[in-house]
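User: I would like to learn how to read a few features of a model, starting with a helix. Please take them one at a time.

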Amino acid sequence: MYIIYIAAMGFIWMNGGCANQTKVMRKGGTIVIKKKVVKMWTGMDCLYCDKAREFFKENNIEYTEKDFHCKIDNKELMDLANKLNFNTYWLDGVPVIVIDNKKIIPGFSKDELTCLILNKECGYKVYNRFIEVKKHKGK
């Protein structure tokens, strides 16, 4: 049991003190490291989509890319937004990034992605944005 724990801690230490795009969980006495699932809805000729792709590539983040203007892909995004009670008013442009089907990020914010995916440099600015979104949420 301790060997698994030491291996997991070594993995985290080798990644600069953070388990990049992973979530450390305990199941009984065992530590399980789970990658975060990232999806990004994009459009054509989108500068911020390109910046998000570049960020994912630089940080070795695996993601699934979907077309915002495809009806099937867009319906999947809207259904997820409704399930999470996320105001679809904020989903009027691209990119839209979804983490673990639990967090929706409209637009590209390097600070937000660094915090939420890489678990690094989380500051007041990142969490303040979520507070502002909740204040403006309709329903």
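User: What span does helix H3 reach from its first C-alpha to its last, and what is expected?

Analyst: The general check is to compare the end-to-end distance with the span expected at 1.5 Å a residue. In this predicted model, H3 covers residues 71-83, 13 residues, and reaches 18 Å, close to the 18 Å expected.

User: Which residues of H3 are buried?

Analyst: Asp73, Asn74, Leu77, Met78, Leu80 and Ala81 are the buried ones. They lie on the same side of H3 because their arc around the axis is only 160°. On the other side, Lys71, Ile72, Lys75 and Lys83 are exposed.

User: What covers the buried residues of H3?

Analyst: The cover includes four strands: S3 (38-42), S4 (64-67), S5 (96-99) and S6 (103-106).

User: Which residue with a positive phi follows H3?

Analyst: That residue is Asn85, with phi near 55°.

User: Now the cysteines. How many disulfides does a search of the whole structure find?

Analyst: The general idea is that a disulfide is a covalent bond between the sulfur atoms of two cysteines. In this structure the search finds one. The disulfide joins Cys46 to Cys49, with an S to S distance of 2.3 Å. The link of Cys46 and Cys49 is right-handed, with 80° about the S-S bond.

User: Is Cys46 buried or exposed? And what does the relative accessibility say of Cys49?

Analyst: The cut-off for buried is under 20% relative accessible area. Cys46 has 8%, so Cys46 is buried. Cys49 is at 0% and therefore counts as buried. Cys70, by contrast, has a relative accessible area of 29%, so Cys70 is partly exposed.

User: Which residues is Ile97 in contact with, leaving aside neighbours within four places in sequence?

Analyst: Ile97 is in contact with Val38, Lys39, Met40, Ala52, Phe56, Lys103, Ile104, Ile105, Gly107 and Leu113.

Technical notes. Residues are numbered from 1 along each chain as its sequence is written. This is a predicted model: local features need pLDDT of at least 70, side-chain atom pairs count only at pLDDT 80 or more; totals for chains, interfaces and linings use all residues. Side-chain values use heavy atoms; hydrogens and water are left out. Helices (H or I, at least four residues) and strands (E, at least two) are DSSP runs, numbered from the N terminus. The expected span of a helix is 1.5 Å times one less than its number of residues. Buried means under 20% relative accessible area, exposed over 50%, partly exposed in between (1.4 Å probe, protein chains only). The arc is that of the directions from the helix axis to the C-beta atoms. Contact means heavy atoms within 4.5 Å. A disulfide is a pair of cysteine sulfur atoms within 2.5 Å.
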